[in-house]
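This briefing goes through one protein chain by topic. Please keep the sequence and the structure in view while reading.

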Amino acid sequence: MDRSIRFENVSKSKNGHLIIKNLTMTIPGRLFFALLGPSGCGKTTLLRLICGLESVDSGKIFLGNKEITHMPIHKRPINMVFQNYALFPHLSVFDNIGYSLSIKGVPKGEIQEKVIRLAKAFDLEQQLHKKPSSLSGGQQQRVSIARAIIEGPDVLLLDEPLAALDFKLREKLLIELIDLQDDLEMTFIYVTHDQEEALTVADKMAILDKEGKLAQMGTPKEIYEFPDTRFVAEFVGNTNILEGTVDKQENNTLLSTSLGTFSLDEKKIGPWAKVGKNALLTIRPEKILITKIQNSTFSNFLEGTVVSIIYTGRSTFYEVLVGKTKIKVFEQNDEHVEKEEIDYDDTVYLYWQKENTVALEGV
């Protein structure tokens, strides 16, 4: 059964403001799909359109090959998990999980069987007779998800479901959600503004820009390693952007900037890269080697002064001033490798291979 979601020229306005404009996008079925974008770009609105809580101004929405644009909510095989959990405070955990089955008149024995099975899977067996107010945030979230999947929907929508939880619990539940999707083979559509969360959970993901337009879709690796635009490169993770113009030196394509001239990877340059054309070079902080020792084996290098050091335990984050530009460098800490001592105001060299850069067309 096809459990993909397809938007065809969908537009939606609120209070006279156009949130989504002519969006055409297909969310593949049976995968963990993340929707990522800045606040106000229409992520939650898209979920509400999918499940029928809001209606489109124009365009069509399909589940597989079946149009659901104007299908009533209760007829859509789609459920949603909200950020605030939306549990019924007067009902027990058991009754919250089984609520949708009870209002449909499913026999009590069948409801009990399904609720207990889910309670075991979500480690809620000891909580079934408690009210939501006596549960922890993580337990409430599990109840909310169990309630949403008990009917076996084709699609589960998750609207920033872990936003209110602390880091450790969020990390734990992310793993649980990944395992759950893998077991159920439902289509999970996960909305978040947290780039790390999206990169962690997604099989595929889409980036929406500030205007609610589709900026890029692909696997987390494709989007992180090969961003299509400056917006995507800067929004998903940390990166360094150098602006310049395309130049040639024998058979090498170069980017000439105010900081120097840098080699570009021929395999990652589009047909737009003509000599004199404005271009951008993007290089992720973890792709840069920082050292006080000169090294001639790298394609590109800069010399600068360390102005900021942030130690996080597992890693160290540096800012290096090169001219008037701050270059970000991320270094993994490994206790088994002898680490060079780098301190504030040290003169350092930054090295990277051209294969680790992406060239983007400039404005």
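**Overall picture**

The protein has nine helices and 20 strands as its secondary structure. The model is predicted. Its C-alpha atoms fill a box of roughly 75 × 50 × 35 Å along the principal axes.

**Burial, contacts and surface**

- Of the 363 residues in the protein, 48% are buried.
- Taking contacts between residues at least 6 apart in sequence, 66% join residues at least 24 apart.
- The protein has an accessible surface of about 18500 Å², and carbon and sulfur atoms account for 48% of that surface.

**Aromatic pairs**

- Eight aromatic pairs are present in the structure.
- One of them is formed by F32 and F188, with an edge-to-face arrangement, 5.3 Å from centre to centre and 65° between the planes.
- F32 belongs to strand β3 (residues 32-36) and F188 to strand β8 (residues 187-192), so this pair ties together parts of the chain 156 residues apart in sequence.
- F32 and F188 are both buried.
- F88 and Y99 form another aromatic pair, which is tilted, with 4.6 Å centre to centre and 50° between the planes.
- F88 sits in the loop between β6 (78-81) and α2 (93-97), while Y99 is in helix α3 (residues 99-102), and the two are 11 residues apart.
- A single aromatic cluster is made up of F298, F301, Y349 and Y351.

**Charges over rings**

- R6 lies over the face of F62, and the distance to the ring centre is 4.1 Å.
- R284 places its charged end over the ring of Y224, at 4.0 Å from the centre of that ring.

**Backbone at two positions**

- Most residues other than glycine have a negative phi.
- N9 is not a glycine, yet its phi is positive, near 50°.
- N9 is part of strand β1 (residues 5-14).
- With 45% relative accessibility, N9 is partly exposed.
- A86 is likewise not a glycine and has a positive phi, of about 55°.
- A86 is located in the loop between β6 and α2, and F88 is also placed in the loop between these two elements.
- The relative accessibility of A86 is 34%, and A86 counts as partly exposed.

**H74 and its loop**

- Where does H74 lie? H74 is found in the loop between β5 (66-67) and β6.
- Is H74 buried or exposed? H74 has a relative accessible area of 64% and is exposed, because this value is over 50%.
- H74 and F122 are separated by 48 residues in sequence, and their C-alpha atoms are 25 Å apart in space.

Technical notes
Residues numbered from 1 in each chain as written. Predicted model: local features only at pLDDT ≥ 70, side-chain atom pairs only at ≥ 80, totals over all residues. Heavy atoms only, no water. Phe/Tyr/Trp six-rings, centres within 6.5 Å; stacked < 30°, edge-to-face > 60°. Helix = DSSP H or I, 4+ residues; strand = E, 2+ residues; numbered from the N terminus. Buried < 20%, exposed > 50% of the residue type's maximum accessible area, 1.4 Å probe, protein only. Lys NZ or Arg CZ within 6 Å of the ring centre and 35° of its normal. Contact = heavy atoms within 4.5 Å. Areas by Shrake-Rupley, 256 points an atom, 1.4 Å probe, with all protein chains shown as cover.
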